[in-house]
Every structure is written in structure tokens, then in C-alpha cells.
Amino acid sequence: MPTDPLELTRIKDIMRRLMDFRRSYDAKRSLLYRQYLGHQDQHTFPDGITPRANTFAQYPLSNVETIVSRVHDAFFAYEDWFEVRGAGRKDYDAAEKMQLVLRNRLRATDLIGAFEDLVRTICIYGHGGIKVDWDW
């Protein structure tokens, strides 16, 4: 733990900057997410008093879900969607066992669900990240 006041101030400034970084993007993310869900903001006629109808077709939701299902089919349509190969003939048995363990662990971590969430996030916001982790 640093005891130098200058070092503590620097750490505090870094932490504040990290916490405030995404605030400038929150409004845009909120707008994009509301569009994805099909939420229409309340609008009024040009008189500024009379409210307009709040209905519209949810095209973004259907488009995003179509893309997510197509990408899922492209990557995971076949049961063995990955393969572990050995470097030579004597590695065949070890590679087969490694594939069984890896398949078991990836199913336990729900890699496919995390990947679908990644694709959905990328379709809505334009960027995303993924972390798949398991407990050894």
C-alpha cells in the first residue's frame, strides 16, 4: 500500500478517470439499446402539446436476432465444431482425450451462449468483448 501522498493522489485520479470514462457514451448506448428493444420515445405534434402515436415495427430486434442465429449456425451447426489434432501418429490418442476434456469444459462454461451474447452486443452497439472462464 503506498503511503506517499503524491502517489495516493495519482492513484485516486487514475481511478476517477477510469470510472468516468464511459459516462460520455452512456446516452448513446441507452438510445441504441432502446431502439433494439423497440422502445419509442414520446413525440408530440408540431404544436408541442398533442402526443403522437407511440407504435412502430421492431425491425432492429428482428434484424439482430436473424444475424445472431445465422452466425450461430455458421460456427456451431455441426456437433464437432472444433477439432484437436496431434503433431504425429503417436499423439492421436492424447489429442482425442484433449478434445473430450475441452468439449466438456466449453459446454460447462456455456461458450455458445457467451458467443451469442457477443454477437448480439456487436450488432447492437458496434463493439463488444468476450470472456469465457472456468474453475479448474
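Val-119 touches Val-68 and Val-71, leaving aside residues up to four places away in sequence; contact means heavy atoms within 4.5 Å. This is a predicted model, in which local features need pLDDT of at least 70, side-chain atom pairs count only at pLDDT 80 or more, and totals for chains, interfaces and linings use all residues. Residues are numbered from 1 along each chain as its sequence is written, and side-chain values use heavy atoms, with hydrogens and water left out.

Val-119 also belongs to the largest nonpolar core. That core has nine residues: Tyr-36, Val-64, Val-68, Phe-76, Phe-115, Leu-118, Val-119, Ile-124 and Tyr-125. Helix 5 gives the largest share, five residues. A nonpolar core here is a set of buried Ala, Val, Leu, Ile, Met, Phe, Trp, Tyr and Cys residues joined through side-chain atoms within 4.5 Å. Buried means under 20% relative accessible area (1.4 Å probe, protein chains only).

Now the whole chain. The protein chain has five helices and zero strands, where helices (H or I, at least four residues) and strands (E, at least two) are DSSP runs numbered from the N terminus. Buried residues make up 14% of its 136 residues. Among contacts between residues at least 6 apart in sequence, 47% join residues at least 24 apart.

The C-alpha trace spans about 80 × 55 × 20 Å along its principal axes. The radius of gyration is 24 Å, while a compact globule of 136 residues would have one near 14 Å. That radius is taken over C-alpha atoms, and the globule rule is 2.2 Å times the number of residues to the power 0.38.

Methods
Buried < 20%, exposed > 50% of the residue type's maximum accessible area, 1.4 Å probe, protein only.
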